Amino acid sequence: MQRWLRLSGFIDSVNLQIGRGISWLTFAMVLIGAYNALARYAGRSLGLSLASNAYIELQWYMFSAVFLLGAAATLARDGHVRVDVLFGRMSARARAWIDLVGSVVLLLPFCLMSLLATWPAVRNSWQIGEVSPDPGGLPRYPIKTLILVAFGLLIAQGISHVIRKIAYLRGIDAARDKS
């Protein structure tokens, strides 16, 4: 079990590191959003076109990256929203069982099905070199690839979550349990 817990720790550390990187990406997204707004209004006043579709799309791509990559980092922190009306009143063992069953029955199959469902669209996007239809827009295939990466990271984090819950239920490494 210790080998599995080391794997879990590695997965957690990778996703938490990505989560820390996302915080900087969020900051950059806010700066680009502010520039877009200022450039649009300043451009109107000056009669120039200071804003561009590329900056607007870059902001959208950053938001998508924060959302997609943040899912695994949030699961690593056990920060996903739950309906705590019942869950919060349960014992730690009952919560661990619910987390374990939910991860195995819902989370992991959903992520695998999402990977299978999105793979053809991502592959096609790369094959045609898909770009935005907007003038000056960005390529679409990198952001679509991020969907696969995000679900891969979420699967890995789901496996880590399952390992930790099994360890907790077996009475091993209970201090790491986040229930």
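**Figure 1. Surroundings of L69 in the predicted model.** Setting aside residues up to four places away in sequence, L69 touches I18, I22, L146, V149, A150 and L153, where contact means heavy atoms within 4.5 Å. This is a predicted model, in which local features need pLDDT of at least 70 and side-chain atom pairs count only at pLDDT 80 or more, while totals for chains, interfaces and linings use all residues. Residues are numbered from 1 along each chain as its sequence is written, and side-chain values use heavy atoms, with hydrogens and water left out.

**Figure 2. The largest nonpolar core.** This core holds 22 residues, of which L69, C111, L146, L154 and L169 touch the most other members. Helices α2 (53–76), α4 (92–128) and α5 (141–169) each supply at least two residues of the core, and α5 gives the most, with 10 residues. A nonpolar core is a set of buried Ala, Val, Leu, Ile, Met, Phe, Trp, Tyr and Cys residues joined through side-chain atoms within 4.5 Å. Buried denotes under 20% relative accessible area, exposed over 50%, and partly exposed in between (1.4 Å probe, protein chains only). Helices (H or I, at least four residues) and strands (E, at least two) are DSSP runs, numbered from the N terminus.

Figure 3. Y61 is placed in helix α2 and is buried, with a relative accessible area of 14%. Leaving aside neighbours within four places in sequence, Y61 is in contact with L138, P139, R140 and I143. Y61 and M29 are 32 residues apart in sequence, and their C-alpha atoms are 9.0 Å apart in space.

Figure 4. I143 lies in helix α5 and is buried, its relative accessible area being 16%. With neighbours within four places in sequence left aside, I143 is in contact with Y61, S64 and A65. A distance of 23 Å separates the C-alpha atoms of I143 and G158, which are 15 residues apart along the chain.

Figure 5. Beyond neighbours within four places in sequence, H161 is in contact with L75, D78, D99 and S103.

**Figure 6. Overall context of the close-up views.** Along its principal axes, the C-alpha trace spans about 70 × 35 × 30 Å. Buried residues make up 34% of the 179 residues. Among contacts with a separation of 6 or more, 74% are between residues 24 or more positions apart. The protein exposes about 10,700 Å², of which carbon and sulfur atoms supply 70%; accessible areas come from the Shrake-Rupley method with a 1.4 Å probe, and for residues only the protein chains shown count as cover.

**Figure 7. Confidence of the model.** The mean pLDDT (the predictor's confidence in each residue, from 0 to 100) of the protein is 90, and 96% of its residues reach 70 or more. Confidence is lowest in helix α3 (residues 84–87), at a mean of 74, and highest in α5, at 96. Where pLDDT is low, the predicted coordinates should not be read in detail.
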